[in-house]
Structures are given as C-alpha cells and as structure tokens.
Amino acid sequence: MPPWAQNSSRGLPNRPAPPWGACASCLRATESLRMADTAALAPQLQAYLQHVASERRLAARTVALYTEGLQQLQALAAEAGPAVLALQPQHIRRFVASLHAKGRHGRSIALWLSCWRGFFRWAAWQGWVERNPVEGIRAPKTPKPLPKALGVDAAVQLADYRNPEADPWEEARDAAMTELLYSSGLRVSELANLDVQAGDGLGWLDLQAGLVHVTGKGGKRRSVPVGAPARAAVQRWLAIRPTRFAAGWSAPALFLGVRGARITPQTIWLRLRQRSQQAGLAAAVHPHVLRHSFASHVLQSSGDLRAVQELLGHANITTTQVYTRLDFQHLAQAYEQAHPRARKKSP
C-alpha cells in the first residue's frame, strides 16, 4: 500500500456491501446514482461511485457532484490520450491549467480535484494504480469576493424610510429592526435573540445606557453602542408593541411576529428585503448587507480597524481586514472620479 494511502478515512479497502434493506440512506444514494448519467463512465469509475454511495453513504447531492467530477476526468483523459488509470501528475496539472484558462472557478476545480484524489486513493487500495497522480496538486487561488455594502446615502435612505400605508404595528417594528441592524452591525440571529430586558436570554437592549448586549458566534458576548435614531425607533416600537395583544400580556423577546412569538431570522430577511425595495434601493438588501455597511462606514470615518473588530465581534482581525479592501476600493473610485490626472484619456 502506498504511504499516502495510509491513515485515510477515504482510503479504506472494500467492505461487503450492506443488505439493501439495512439502510434507507443507502437506498436513496443508490437510487440517485442509478438515475445519474453514469452509463458512459469506465467500469472503475462506476465502481467508485457505487462505493461512495453505498459504503461511504455520501449524500445524494455529493454523489451527483462526484459523478460530474469523474465525467470531467474521463473527458479530459480522452483528450490527453492515456486511460484514466494511466494518468500522471503532469496530466492533472495540465487539466487544472486548462480548466482555469477556460474560466472555471477555483472552487469548482478544487471540488473536482478532491473527487479525483479520492478516486485514485481508493484505486490504490484496489491495486489498480501505484501512485496517486492528484496528490499534492491544488486548485488555483481565487480572490475572495468583497462584502456587499451600501453607500452611505443608500444606507441612510433605507434607515430613514417610513411607509405610511403599512400596518402601524409592523411598520414600527420593521423600522426599529432596520435602524438597529445598521446602527450596531448586528447579525440577524443576534437581532432575533434580543430581549426587552436583561435575563437568561442571549441578548438585551439597554436604552438608558445606549448599548445592545449580544451573544455572537462561539458564545462570545459583546456590547455595541446604539445610535440616537435607532434608540428613538426602538422606543416608538416599545410603545406600540403591546397594543396588539390582550391586557396583561408579556413576552421576553424584543421583536415579535404578528402572533406574539419571537420573530425568526427568516422573517427579518423577508421584511428587510421588502422594505429595501419599497425604499427605492437599486438592489434588495438583506441583514448582512447592513452589517457590512456598518463596518465599512465606521472604518471609513475612523480608520480604526481594531475598533471595528471589537464592534463586529470578530475573533480574528484577519476577518475584519476585508473591510480595508472595501475601504480602499471606495477611495480608489473617489480618486479616479476626482483627480484630473487619474482619468483615462479617450483614444
């Protein structure tokens, strides 16, 4: 057995296939495999797909992705000349370069490489190949997309928007949620988990102190300032909040659905999307766009990356550094528009 095939959960030798009635997930995976277009694949490739479907019990979607990856491998091998089991590292590198040149995304190439690597590792256990030609080959790096953030004017336009034709109760709630998301850069789950007052919950809003206390990822607690417009919006919401329910009614959650239960993140997404369209924004906005906008606008004004890290609750500052790229992009655009020597001359 080759050294690279040792100590790998993906390189186990074949075990007897379980009885079809023993595992419902096996039946679903095998049915998915049967429906996939595998007829044109080499027998060894078909055997590997059967292995991952019935023995490794991978999800049907994963089996479908593996099928696509092996179809691509066989097609590339047919173009290069050798059979699939005769492929060498130089062939795989050439495949990767060709796919990259054709505009394939790095994540797609990485997924296929993972599939190919698993196949050849398993083929070594079968004694079909002596080495794994994919081992050590990586997909080209692709730049991480910049977070989508609103411009200052668009963010203020959304925060200031009021809909006089909407139900007053829902309008007050939605306005308060929008203001708070942009004012404090909360995650949608953090907003949904807020309570009216301190208790055993995951967060609460202290209007008197102007702070919102939340529990973020990994159970990390933080406190974030709340701006005056957001505090005013929340006060308006708290004034109308109990009017929809019977006298004596109470609930710990700050933001509620129409039936009195804690609002869900999905509802917040839908309401904000609808609100951004009503406000006349060019693109629909979701809660994380307001979080990105909060971070970007604070960084543009202060230049304090550490402060933005604390406000967002990022454990690592490298996560926050993406906003420096966003800020530089903003500055570069302003420079190109304003500096006479930066403008491209027409031919």
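Which residues does His314 touch, not counting residues up to four places away in sequence? Point 2 takes this up.

1. **Overall picture.** This is a predicted model. The protein chain carries 14 helices and 4 strands. Of its 347 residues, 41% are buried. Take the contacts between residues at least 6 apart in sequence: 60% of them join residues at least 24 apart. The chain exposes about 19000 Å². Carbon and sulfur atoms supply 53% of that area.

2. **His314.** This residue sits in the loop between α12 (305–312) and α13 (317–320). His314 touches Arg187, Lys220, Arg291, Gln309, Thr319, Thr320 and Tyr323, with residues up to four places away in sequence left out. Is His314 buried or exposed? His314 has a relative accessible area of 10%, so it is buried. The cut-off for buried is under 20%.

3. **Glu310.** Helix α12 holds Glu310. Its relative accessibility is 52%, and therefore Glu310 counts as exposed. The cut-off for exposed is over 50%. Glu310 and Thr320 are 10 residues apart in sequence. Their C-alpha atoms are 9.5 Å apart in space. Thr320 is also one of the residues that His314 touches.

4. **Ala295.** Move to helix α11, residues 287–302, where Ala295 lies. Ala295 counts as buried because its relative accessibility is 0%. Beyond residues up to four places away in sequence, Ala295 touches Val308, Leu312 and Tyr323. Tyr323 is also among the residues touched by His314. How far apart are the C-alpha atoms of Ala295 and Gly185? They are separated by 6.9 Å. Along the chain, Ala295 and Gly185 are 110 residues apart.

5. **Trp169.** This tryptophan is in helix α7, which spans residues 168–184. Its relative accessibility is 3%, so Trp169 counts as buried. Leaving out residues up to four places away in sequence, Trp169 touches Trp237, Ile240, Arg241, Thr243, Arg244, Phe245, Leu256, Gly257 and Val258. Trp169 and Arg244 are 75 residues apart in sequence. From C-alpha to C-alpha, Trp169 and Arg244 are 7.7 Å apart. The side chain of Trp169 also reaches the backbone oxygen of Arg241, at 3.0 Å.

6. **Arg241.** Where is Arg241 found? Arg241 is in the loop between α9 (228–240) and α10 (265–278). Is this arginine buried or exposed? Arg241 counts as buried because its relative accessibility is 8%. Setting aside neighbours within four places in sequence, Arg241 is in contact with Trp169, Val196, Trp249, Ala251, Pro252, Ala253, Leu254 and Leu256. A polar atom of the Arg241 side chain lies 2.7 Å from the backbone oxygen of Ala251. Leu256 is 15 residues from Arg241 along the chain. The C-alpha atoms of Arg241 and Leu256 are separated by 8.3 Å. Leu256 is also one of the residues that Trp169 touches.

7. **Cavity.** How many cavities of 30 Å³ or more does the structure hold? It holds 1. About 40 Å³ of space lies in the largest cavity. The lining consists of Asp174, Met177, Thr178, Leu181, Ile268, Arg271 and Leu272. The elements that give two or more residues to this lining are α7 and α10. Which element gives the most? That is α7, with 4 residues. By class, the lining of the largest cavity has 4 nonpolar, 1 polar and 2 charged residues.

8. **Arg57.** One backbone angle deserves a look. Most residues other than glycine have a negative phi. Arg57 is not a glycine, yet its phi is positive, at about 55°. Arg57 is placed in the loop between α2 (43–54) and α3 (60–80). Its relative accessible area is 47%, so Arg57 is partly exposed.

9. **Where to look again.** Start with the Trp169 and Arg241 pair. The side chain of Trp169 reaches the Arg241 backbone oxygen, while the side chain of Arg241 has a polar atom 2.7 Å from the backbone oxygen of Ala251. Then turn to Tyr323, which is touched by Ala295 and by His314. End with the positive phi of Arg57.

Key
Residues numbered from 1 in each chain as written. Predicted model: local features only at pLDDT ≥ 70, side-chain atom pairs only at ≥ 80, totals over all residues. Heavy atoms only, no water. Buried < 20%, exposed > 50% of the residue type's maximum accessible area, 1.4 Å probe, protein only. Contact = heavy atoms within 4.5 Å. Areas by Shrake-Rupley, 256 points an atom, 1.4 Å probe, with all protein chains shown as cover. Polar contact = N/O pair within 3.5 Å; in protein donor to acceptor, adjacent residues only side chain to side chain. 1 Å grid on protein atoms, 1.4 Å probe; cavity = no way out; pocket = protein on both sides within 12 Å on 5 of 7 lines; lining within 4 Å. Points joined across faces, edges and corners; volume = space filled by probe spheres on them. Nonpolar A, V, L, I, M, F, W, Y, C, P; charged D, E, K, R; others polar.
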